[in-house]
Amino acid sequence: MTSFRWVIDAVPQLTQGLFVTLRLIAVAAPAGFVLGFVMGLARMYGNRISRGCATAYQMTFRGVPLIVQLFILYYGLPRVGITLMPFAAAVLGFTLCSGAYHSEYVRSAILSIPDGQMEAGRSIGMTTRQTVFHIILPQVFRKALPGCGNEIVYLIKYSSLAYLVTLVDLTGQGRLIAYASFRFFETFFVIGLIYVALVSLATSLLQLAERRLRIPT
Amino acid sequence: MPDPTISSTAIIWSGLPTLCRGMGVTLILVISALAAGMLLGAPLGVAHVYARRGVRIVLWLFDRIFRGFPTIVLLFLIYFGLGSLPGVSIQPLTAVILVLGLRSAAYQAQIYRGALLMIERGQTEAALALGFSLPKTVLFILLPQALRFSLPSLSNEYSVVLKDTALAFTVGVIDLMSRAKFLAMRSRETLIVYLLIAAAYFILTHAGIALFRAVERGIAIPGLGQQRAKRRA
């Protein structure tokens, strides 16, 4: 409490950690969204095999803790000769897990669009594929945005697990600072506040996107 | 170094009972965190709807911290942070239940808030007109319905809390995840062991969700949902 010097001293380390965290999110968030979109489409419009695969994917990755998935990728896969760097393992784990949640939001967005639109599209001579791409998908994208945005917020928070596969991200730097300075409470509180700031920033950006893309009623 | 005369399969077989014991600890963590979250989350949810502005600031702060901080940062904050303050000593198990319970309370408060707002104003007005006080109206008329509406979200909350318990090993609780880490190290069969507990978590998640569905069906009020659906149509 006597001085805030330690925070100022910690700034370079915190910035370094923050950049690692931001890089993780910048890769995993869009990749997860794209994967989830494809999987959601496969669940709704695929043939029986791709439907089954997409459903199994979604159930598996939503049913297993992210940390177990990361441990399988980082500590487990080397047993069968696949060695991933920490960053690659973290990004792959985040993408696969968050894609599973995105696919669920995409699926419910598709379900919320009345069947009549498909029928109307077909009856004016569009193929199923054309109707999906030109009529349904643009709406699905907008309707799924709030849920998918929520998932991105979760991803920001769960990116803190990267430090458990030896990546020195924001949380990892926090631990180093805490152990060096013995200021455990203050350090982790500051780290938490940085995550809150990231989450708030992401939320307002997503809300802006939602407003811009809103379907006029 | 592991003993080369004992095969790693034998080590995994002999480790299965410890994994089961770890699973017991995991279940204790989930159940206590969810129960604590419900006991605290229900009044918080009511407060979110009815509290005065001064109280709302406190609610907002609580919400920001417990929904905004990553679980693992909260665990470190409570276990290492509070634990390092003079005069405070905190057990790993307590720290994990405290963190997961408070987190779940923050999330459950939002669930109950949404459910309370789903009930139409007319019911409150009718109860007040019949001479119920506002607390009685909330307790006897609104909350029983709100809890029913919340069950689908609660089953989701269960699966989130269950998966968060896998982080308990970072502060030294010997749960399923932590037993698996020991076993993976001892047998060196990391892939098999982690796949094994992935399956265990998978079964726990989906079994729990099925249980919640059964409860939902069990306590459904005949006709209540249908009326709502009709009105919406």
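Chain B has 9 helices and 0 strands. Read from the N terminus, the order of elements is α-α-α-α-α-α-α-α-α. The radius of gyration of chain B is 22 Å, well over the 17 Å that the globule rule gives for 233 residues, so the chain is more spread out than a compact globule. Along the principal axes, the C-alpha atoms of chain B fill a box of roughly 80 × 50 × 25 Å. The model is predicted, and the predictor assigns the complex an ipTM of 0.90 and a pTM of 0.90.

Of the 233 residues in chain B, 38% are buried. Among contacts in chain B with a separation of 6 or more, 78% join residues 24 or more positions apart.

### The contact between the chains

The contact takes 29 residues from chain B and 29 residues from chain A. On the chain B side, helix 2 (53-68), helix 3 (71-84), helix 7 (176-187) and helix 8 (190-218) each supply at least two residues. Helix 8 of chain B gives the largest share of that side, 10 residues. By class, the side of chain B that touches chain A has 20 nonpolar, 6 polar and 3 charged residues.

| Helix | Residues | End-to-end C-alpha distance | Expected at 1.5 Å a residue |
|---|---|---|---|
| Helix 8 of chain B | 29 residues | 42 Å | 42 Å |

An α-helix has 3.6 residues a turn, so residues three or four places apart point the same way.

### The nonpolar core

The largest nonpolar core has 116 residues. Those with the most contacts inside this core are A:Ile67, A:Val68, A:Leu70, B:Leu75, B:Val96 and B:Ile197. Helix 4 (residues 92-118) of chain B contributes the largest share of the core, 15 residues. In soluble globular proteins, nonpolar side chains tend to be buried together.

Leaving aside neighbours within four places in sequence, B:Val96 is in contact with B:Leu29, B:Leu75, B:Ala168, B:Val171 and B:Val173. B:Leu75, one of these partners, is itself listed among the core residues with the most contacts.

### An exposed position in chain A

A:Asp9 is found in helix 1 (residues 5-45) of chain A. A:Asp9 counts as exposed because it has 12 C-beta neighbours inside 10 Å. The C-alpha atoms of A:Asp9 and A:Leu208 are separated by 35 Å, and these residues are 199 residues apart along the chain.

### Confidence

The mean pLDDT of chain B is 90, and 93% of its residues reach 70 or more. Among the elements of chain B, helix 4 has the highest mean pLDDT (95) and helix 9 (residues 224-232) the lowest (52). Over residues 229-233 of chain B the pLDDT is below 50, and beyond near neighbours in sequence this stretch has 0 contacts in the model. Where pLDDT is low, the predicted coordinates should not be read in detail.

Methods. Residues are numbered from 1 along each chain as its sequence is written. Chains are lettered from A and ligands numbered from 1 in the order in which they are written. Helices (H or I, at least four residues) and strands (E, at least two) are DSSP runs, numbered from the N terminus. The radius of gyration is taken over C-alpha atoms; the globule rule is 2.2 Å times the number of residues to the power 0.38. A residue is buried if 20 or more other C-beta atoms lie within 10 Å of its own, exposed if 12 or fewer, and partly exposed in between; C-beta atoms are placed from the backbone. Two residues are in contact if their C-beta atoms, placed from the backbone, lie within 7 Å. Ala, Val, Leu, Ile, Met, Phe, Trp, Tyr, Cys and Pro count as nonpolar, Asp, Glu, Lys and Arg as charged, and the others, Gly among them, as polar. The expected span of a helix is 1.5 Å times one less than its number of residues. A nonpolar core is a set of buried Ala, Val, Leu, Ile, Met, Phe, Trp, Tyr and Cys residues joined through C-beta atoms within 7 Å. pLDDT is the predictor's confidence in each residue, from 0 to 100.
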